[in-house]
Amino acid sequence: MALGSDVVAQLRDTIARFVDERLIPAEKRVEEEDRVPPEIVAEMKRLGLFGLTVPQDYGGLGLSMEEEVLVAFEFSRAAPAFRSIFGTTIGIGSQGIVIDGTPEQKEKYLPRIASGELICSFALTEPEAGSDAASLKTRARRDGDHYVIDGTKRFITNAPVAGLFTVMARTDPENKGAGGVSAFIVERDTPGITIGKIDKKMGQKGSMTADVIFENCRVPAANIIGGREGMGFKTAMKVLDRGRIGIAASCVALAERLIAEAVTYARERKQFGKKIGEFQLVQAMLADSRAECYAGRAMVLDAARRRDAGEDIRVLASCCKLFCSEMVGRVADRTVQVFGGAGYMAEYPAERLYRDARLFRIYEGTSQIQQLVIGRAMVEGD
Ligand SMILES: Cc1cc2nc3c(=O)[nH]c(=O)nc-3n(C[C@H](O)[C@H](O)[C@H](O)COP(=O)(O)OP(=O)(O)OC[C@H]3O[C@@H](n4cnc5c(N)ncnc54)[C@H](O)[C@@H]3O)c2cc1C
């Protein structure tokens with residue numbers, strides 16, 4: 001462990017209190033206003049959440065993967081929109097710099113990320129390049145000591161509030177595959193960036209996505225991550241492997257919250273003169289959810305520990321993302337069922353969390369893409 005178990009236990013306690021006392025009570029407001037209140041973002045900064053994964057040398061806590069998932073198990077009991085703002089920043093938004101950045105890039109940006117000054121976004125997806133991300137068309141053309149970026153990125157989380165984008169763009173037009181892609185650090189106030197209108201989504205209200213349009217956007221050549229062309233897709237995949245374990249941990253936490261909501265309701269609601277929790281068919285739904293959630297928690301911890309030990313966890317990360325995102329979907333569905341008609345009503349959290357959970361099977365690689373990663377590795381003996 002990077003911090004030590006006592007410190008991590010304290011951090012988890014603090015976050016658990018923050019979730020119970022501040023975040024869960026604010027969920028309805030976030031849903032209605034479709035934004036996380038600025039005072040809550042300020043509290044997240046004070047708690048040091050924007051520095052969880054930034055190395056200690058750059059002002060963060062430098063959590064190990066295991067410590068990060070333990071924290072996520074607490075934090076992500078709250079609606080996913082809260083996690084989205086800092087989790088995207090310290091996850092996919094900035095991990096390219098942490099993992100592959102040059103010392104100068106780390107020095108320049110990581111302290112400002114750790115303090116919460118810079119909200120970050122990860123810009124890979126395009127209108128015609130989603131699952132097939134390696135076919136991206138956004139172009140970065142070298143011009144003296146700059147690159148000129150042109151193209152459109154789609155569904156970019158945090159884009160309307162981001163101060164920094166990790167942008168994957170094609171530097172080699174002759175190479176139409178992954179090898180032609182480079183990753184860039186692009187500051188929001190660089191001329192030539194337009195943010196599209198905020199997308200209206202099914203769930204996760206309060207987390208914002210939008211298009212990011214680059215037109216003749218001149219970025220210093222020093223901002224190519226790692227200082228070399230052609231490495232950007234590899235960087236993006238390393239970031240996503242790590243991100244997938246983080247998403248899986250969030251799915252486990254949300255499933256635990258959904259189970260707790262279902263159990264509370266089953267203990268109170270009466271039908272046929274009994275609490276519905278006494279009916280074995282209701283217990284079966286609770287039991288299936290509990291067992292699946294436990295399996296998810298165990299696999300996430302195992303993958304995180306293996307990553308910390310230096311093992312190649314690419315396939316395990318996909319296993320975690322696939323199982324846990326599908327698992328939380330089933331748990332959310334059963335929770336709505338336990339609530340009966342009330343589960344369909346916006347007054348109760350089950351309805352909202354059911355919609356929130358749906359996204360986990362789509363972003364950072366759909367379930368089908370995770371299946372392809374796992375299946376291909378099995379057949380090809382990777
Ligand atoms: C709310 C939200 C936030 C997001 N945030 C970000 C972000 O911050 N940064 C970013 O870069 N992207 C982001 N995304 C984009 C997200 O990662 C993509 O939507 C996702 O990867 C799927 O791409 P797509 O939407 O183009 O679907 P498509 O790739 O068009 O897929 C459509 C369907 O076809 C299936 N499919 C595609 N190819 C195959 C295949 N080879 N075999 C089997 N099935 C296949 C898919 O599984 C899916 O079911 C976000 C998306 C959403 C909805």
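A residue counts as buried when its relative accessible area is under 20%. Keep that cut-off in mind for the views below, which are drawn from a predicted model.

**Figure 1. The whole protein, for orientation.** The protein has 11 helices and 9 strands. Its radius of gyration is 21 Å, close to the 21 Å that the globule rule gives for 382 residues, so the protein is as compact as a globular protein of that length. The C-alpha trace spans about 80 × 50 × 40 Å along its principal axes. Of the 382 residues, 53% count as buried. Among contacts with a separation of 6 or more, 75% come from residues 24 or more positions apart.

**Figure 2. Helices α7 and α8 pack against each other.** Two packed helices are described by the angle between their axes and the distance between the axes. Here, the axes of α7 (residues 232-268) and α8 (residues 280-308) come within 9 Å and cross at roughly 155°. That angle makes α7 roughly antiparallel to α8. The crossing of this pair is left-handed. By class, the contact of α7 with α8 has 15 nonpolar, 2 polar and 5 charged residues. On the α7 side, the contact residues include Arg242, Ile245, Ala248, Ala249, Val252 and Glu256. On the α8 side, they include Val282, Leu286, Arg290, Cys293, Gly296 and Arg307. An α-helix has 3.6 residues a turn, so residues three or four places apart point the same way.

**Figure 3. Helix α3 also packs on α7.** This view brings in α3, which covers residues 65-75. The axes of α3 and α7 lie 8 Å apart, at an angle of about 30°. That makes α3 roughly parallel to α7. The crossing of α3 and α7 is right-handed. Which residues of α3 meet α7? Look for Met65, Glu68, Val69, Ala72 and Phe73. Their partners in α7 are Arg242, Ile245, Gly246, Ala249, Val252 and Ala253. The residues of this contact divide into 8 nonpolar, 1 polar and 2 charged. Arg242, Ile245, Ala249 and Val252 of α7 take part in the contact with α3 and also in the contact with α8.

**Figure 4. Helices α3 and α4 are covered by the rest of the structure.** How many of the 11 residues of α3 are buried? The count is 11 of 11, and the helix is mostly covered. Glu66, Glu67, Glu68 and Glu74 are among those buried residues, together with others including Leu70, Val71 and Phe75. What covers the buried residues of α3 includes α1 (5-33), α2 (38-46), α4 (80-90), α7 and α8. For α4, 11 of the 11 residues are buried too, so α4 is largely enclosed by the rest of the structure. Its buried residues include Phe82, Arg83, Ser84, Phe86 and Ile90.

**Figure 5. Leu49 is a buried loop residue.** Leu49 lies in the loop between α2 and α3. Is Leu49 buried or exposed? It is buried, with a relative accessible area of 0%. Not counting residues up to four places away in sequence, Leu49 touches Ile15, Phe18, Met44, Phe75, Phe86 and Ile90. The C-alpha atoms of Leu49 and Leu61 are separated by 9.0 Å, and the two residues are 12 apart along the chain.

**Figure 6. Gln105 is buried in helix α6.** Gln105 lies in α6, residues 103-114, and its relative accessible area is 3%. Leaving aside neighbours within four places in sequence, Gln105 is in contact with residues including Ile97, Ile185, Ala222, Asn223 and Gly227. Ile185 is 80 residues away along the chain, and its C-alpha atom is separated from that of Gln105 by 8.7 Å.

**Figure 7. Phe279 is partly exposed in a loop.** Phe279 is found between β9 (274-275) and α8. The relative accessible area of Phe279 is 25%, which makes this residue partly exposed. Beyond residues up to four places away in sequence, Phe279 touches Gln271, Phe272 and Lys274. The C-alpha atoms of Phe279 and Val181, 98 residues apart along the chain, are separated by 57 Å.

Terms used: Residues numbered from 1 in each chain as written. Predicted model: local features only at pLDDT ≥ 70, side-chain atom pairs only at ≥ 80, totals over all residues. Heavy atoms only, no water. Axes fitted to C-alpha atoms, helices over the stretch in contact; angles between N-to-C directions. Helix = DSSP H or I, 4+ residues; strand = E, 2+ residues; numbered from the N terminus. Parallel < 35°, antiparallel > 145°, perpendicular 65-115°, else oblique. Left-handed = near helix turned anticlockwise from the far one by under 90°. Contact = heavy atoms within 4.5 Å. Nonpolar A, V, L, I, M, F, W, Y, C, P; charged D, E, K, R; others polar. Rg over C-alpha atoms; globule rule 2.2 N^0.38 Å. Buried < 20%, exposed > 50% of the residue type's maximum accessible area, 1.4 Å probe, protein only.
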